Amino acid sequence: MLQSQSPKHISGASTLTSRASLRAHICAGHLAHVMAAHSPLSAILAEEAGFDGIWASGFELSALYGLPDVSLVSMTRHLDMVRSMAEQSSLPIIADIDTGFGNAINVIYAIEQYERAGAAAVVIEDKAFPKVTSLLADGRQELIRTEEFAGKIRAAVATRADADFLVIARTEALIAGLGEAEALKRARAYEEAGADMILIHSKRKTPDEVESFVRAWRGEVPIVIVPTAYPEMNESRIRALGKIAMVIYGNHAIRAAVTAMKDVFARIRADGGIHRIDPEIVPVEEIFRLQKMDAVKANEDRFLW
């Protein structure tokens with residue numbers, strides 16, 4: 001069972017680290033709303049919007065580099081993004097580390113690095129390396145043996161230095177078409193291996209498959225969902241199930257960015273200039289605010305001769 005490692009109550013979360021705050025938030029029975037990000041700027045915007053955490057998305061970072069989400073982005077690149085976001089946001093960061101970059105030995109190294117970089121949690125999935133993104137139609141979705149993945153989870157739990165650092169096990173059994181019974185069996189094994197939470201993923205267009213899994217779940221650790229494929233799974237529907245502690249909005253930052261840029265770029269070309277679109281986008285002063293240029297100016301006034 002996921003238990004709080006801090007004696008402080010959730011109301012004192014502002015005095016806790018982001019890791020302890022996230023664990024306490026979940027243990028207090030609150031639903032954590034986590035927004036995907038692919039850059040420090042998108043992390044800042046997620047925090048200003050009032051989300052409870054940031055999903056350091058491998059999919060979004062792959063898209064940012066114009067690469068397919070098939071394990072091409074290195075751990076170093078992803079780790080740099082996590083570290084940069086942690087420097088700009090106080091929100092807990094849940095790092096999407098895909099398959100853990102290899103076997104249990106690789107996982108040990110990854111946990112050490114992500115904990116030092118400032119992540120509050122990692123999500124590791126039971127796919128074979130290299131993975132193929134989950135929602136791709138007819139994509140190769142190959143899982144490793146349950147016992148091998150449980151070893152990765154045990155390695156992660158044994159390696160963490162901070163007991164508040166969450167290890168979240170993600171099973172792709174539904175994505176791979178292996179059915180609910182296999183998903184439940186794997187989830188139970190990962191809980192026994194020490195996972196703090198179980199992430200269940202589905203590419204069905206309705207929530208039925210995930211809702212059925214959650215109702216059948218008899219484990220003690222809470223569930224995480226990523227309702228990208230079934231967007232009608234809103235907060236009231238999630239709360240009605242009673243076992244879900246975290247909802248991750250997994251790729252909406254990059255999709256929103258692409259939507260906005262495509263629209264603005266097309267209108268500039270169609271209009272023959274920026275004269276019509278300029279009043280409709282944020283002024284440059286808003287970018288200055290996000291960059292904290294006021295602090296730069298204050299320091300210039302104070303220290304530069």
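This is a predicted model: local features need pLDDT of at least 70, side-chain atom pairs count only at pLDDT 80 or more; totals for chains, interfaces and linings use all residues.
**Exercise 1. The nonpolar patch**

Solution: 
- List the members. Val282, Val284, Ile287, Phe288, Met293 and Val296 make a nonpolar surface patch of about 480 Å².
- Assign elements. Helix H11 (284–290) and helix H12 (293–303) each give two or more residues to the patch.

**Exercise 2. One patch member**

Solution: 
- Apply the cut-offs: buried is under 20%, exposed is over 50%.

**Exercise 3. Helix H5**

Task: Check the length of helix H5 (residues 104–117), then state what covers its buried residues.

Solution: 
- H5 has 14 residues. The expected span takes 1.5 Å times one less than the number of residues.
- That should give 20 Å, and the end C-alpha atoms are 20 Å apart, so the two agree.
- Pick out the buried residues of H5: Val107, Ala110, Ile111, Gln113, Tyr114, Glu115 and Ala117.
- Their cover includes helices H1 (18–27), H4 (75–88) and H6 (146–159), with strands S3 (93–96) and S4 (121–125).

**Exercise 4. The cores**

Task: Identify the residues that touch the most other members of the largest nonpolar core, then trace the contacts of Ile244.

Solution: 
- The core has 61 residues; Tyr114, Ile198, Phe213, Ile223, Ile225 and Ile244 touch the most other members.
- Set aside neighbours of Ile244 within four places in sequence. Ile244 then contacts Leu31, Val214, Ile223, Ile225, Met233 and Ile238.
- A second, separate core has 20 residues, including Leu22, Ala121, Met197 and Ile248.

Notes:
Residues are numbered from 1 along each chain as its sequence is written. Side-chain values use heavy atoms; hydrogens and water are left out. Patches are made of residues with over 30% relative accessible area and no salt bridge: like charges are joined within 9 Å, nonpolar side chains (Val, Leu, Ile, Met, Phe, Trp, Tyr) within 5 Å. Accessible areas come from the Shrake-Rupley method with a 1.4 Å probe; for residues, only the protein chains shown count as cover. A salt bridge is a side-chain nitrogen of Lys or Arg within 4 Å of a carboxyl oxygen of Asp or Glu. Helices (H or I, at least four residues) and strands (E, at least two) are DSSP runs, numbered from the N terminus. A nonpolar core is a set of buried Ala, Val, Leu, Ile, Met, Phe, Trp, Tyr and Cys residues joined through side-chain atoms within 4.5 Å. Buried means under 20% relative accessible area, exposed over 50%, partly exposed in between (1.4 Å probe, protein chains only). Contact means heavy atoms within 4.5 Å.
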